[in-house]
Amino acid sequence: MTTMAAYKASEKRWKGRDEQDILQDEQIIDLRNLSERQRKLVRQVGTFQWDDAHRPQPVLEFGAFGESHRGFLVIPNALNALAQLRIAHASLTEFTEEPHRTNMHLQNEHVPHIWNKAREKYPLDTAKSKLLGRLHWAASGFHYDWTARKYHRGQFSEVPPLLEQLGSRVAQACGMSLVAEAVIVNFYKKSSTMGGHQDDVEYTMDHPVVSLTLGSSAVFLKGGLSKDEAPLQTFLRSGDIAVMGGNSRLSFHGVARVLPTPFQIEEDDWTALLAGEVAEQEDNFHAIRKYLGQNRININIRQVYALGAKQKAEEEEADGGDKGRDDDRSSKSERCLQVTDADADPSCDHPSGSDASK
C-alpha cells in the first residue's frame, strides 16, 4: 500500500474544519497567537511600513523551522483596511480589464467590466453572480502561455504601478530585491483550494515571490522541495504578505482552506473612505466589503527574467528559439487553483473538498 506523502496528508487534514477548530490546532501557525514553541522559532528580522498612514509591522522569518524554510517570511497586517479595500477595488475593476488577461480569455469568454455586470444583477451580493464566479485569475506584466508552458516577451501588459512598488518595497524589507515583471491575481471562493505546486516557470529564481492576501482568511501550506516533507501550516489573514525567496523560492506551497471572514475596518476609516463619494461608489465599496467577507483575493508578484536578460529573451524569440524552461514540472504552475472541472489541470494535485472535485 502506497504511503500518502506528508504534504498531501496536510492538505486533507483541514477539510471540513471551522475556524475556531483550526486556530486551536497545535500545528497551525497563527501569527497573532504563537505558541511558546513557535515564538522561539519565528524570528523578527526587520520591519515594513507602507506609508505614513501605516504603523511599522514586523517582518517574520521561519528559517529556524528547517533549512528548507530559509527565505520564507511573513509580514502580518502589512496593509491596513483602507489600503486593502482600494487594492481589492482595483483588482476587481481594473486588473481584470484588457490589455490584462484573465482565465476567461482562454475560452474566448472575456467579459469587459465583469464586476459592474455582476453588480447590475446582484448590487450588494456579487457572490451570487455565476458570471463573476467564472473569474478565477487575472494576469498583468508578462503573460504566461499555458499551452507552450513559458513566458513570451511579446505578450505583455503593464504591471500596475501600485503593485510594482509594493513588490519592490516588500522584497527590500526582507533583504531581497524584486523587479515586478509578472502579476497574477487569484480569486478564491470559499470552496476553492490551491493544490501543492512549485513556482518554477520563471527564467530566474534569484528573486522572491511576494504574495498578498485580501479578504477571507486561508490555511497556507509552505513545504520544501519534495512533497515528502511536511509543510508549515500557516493561517493568513487579510492584509498579510508572505514572501518566498532564497531556499524557499522553489518550495511546494498551496492553499488548503479558505474561511469566509467578515472584513473588518474601523468606523472612522470607513467614513473617511466614503467621504465625498457619490452614492453609486458608496454602494460599490459596500459590495466589495461584502465580497471580501465571502471570498479571498490573492495577489502574487514576481520577477520573470534576470536583470539584463529581457533583451536576450526578445532576441531568442525573434530567432524562433527558446531557452526557457518548458519541462513537465513547469506545467504545474498557477493552474492548480481549483474551481471547476473545466479548468482543472490533471498535472496538479487536487485536494478533496475543492470545487474541482464536485
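Reply: Let's start with H253, which sits in strand β14, residues 253–259 (strands are DSSP E runs of at least two residues, helices H or I runs of at least four, numbered from the N terminus). This is a predicted model, so local features need pLDDT of at least 70 and side-chain atom pairs pLDDT 80 or more, while totals for chains, interfaces and linings use all residues. Residues are numbered from 1 along each chain as its sequence is written, and side-chain values use heavy atoms, with hydrogens and water left out.

Me: Is H253 buried or exposed?
Reply: H253 is buried, because its relative accessibility is 8% and buried means under 20% relative accessible area (over 50% is exposed, in between is partly exposed; 1.4 Å probe, protein chains only).

Me: And what is H253 in contact with?
Reply: Leaving aside neighbours within four places in sequence, its contacts include Y7, H197, D199, F220 and M244. Contact here means heavy atoms within 4.5 Å.

Me: Where does UniProt place the "binding site"?
Reply: At H197, D199 and H253, according to the unreviewed UniProt entry. Those three are spread over 57 residues of sequence but cluster in space, with a largest C-alpha distance of 8.7 Å. H197, D199 and H253 are also in the lining of the largest cavity. UniProt positions are in the numbering used here, feature names are shortened, and annotations may be inferred rather than shown by experiment. A cavity is a set of points on a 1 Å grid over the protein atoms alone where a 1.4 Å probe fits but cannot get out, and lining residues have an atom within 4 Å of a point.

Me: OK, H197 next. What does its side chain reach?
Reply: The backbone oxygen of G195, at 2.9 Å. H197 itself lies in strand β9, residues 193–197, and is buried at 2% relative accessible area.

Me: And H136, where does that one lie?
Reply: H136 is in the loop between α7 (130–133) and β6 (137–145). H136 is buried too, with a relative accessible area of 3%, and its side chain reaches the backbone oxygen of R134 at 3.4 Å.

Me: Switching to rings: which residues form an aromatic cluster?
Reply: F62, F65, F72 and F220 form one.

Me: Which ring does R289 lie over?
Reply: R289 lies over the face of W270, 4.7 Å from the ring centre. The charged end of R296 sits over the ring of Y188, 5.0 Å from its centre.

Notes: 1 Å grid on protein atoms, 1.4 Å probe; cavity = no way out; pocket = protein on both sides within 12 Å on 5 of 7 lines; lining within 4 Å. Polar contact = N/O pair within 3.5 Å; in protein donor to acceptor, adjacent residues only side chain to side chain. Phe/Tyr/Trp six-rings, centres within 6.5 Å; stacked < 30°, edge-to-face > 60°. Lys NZ or Arg CZ within 6 Å of the ring centre and 35° of its normal.
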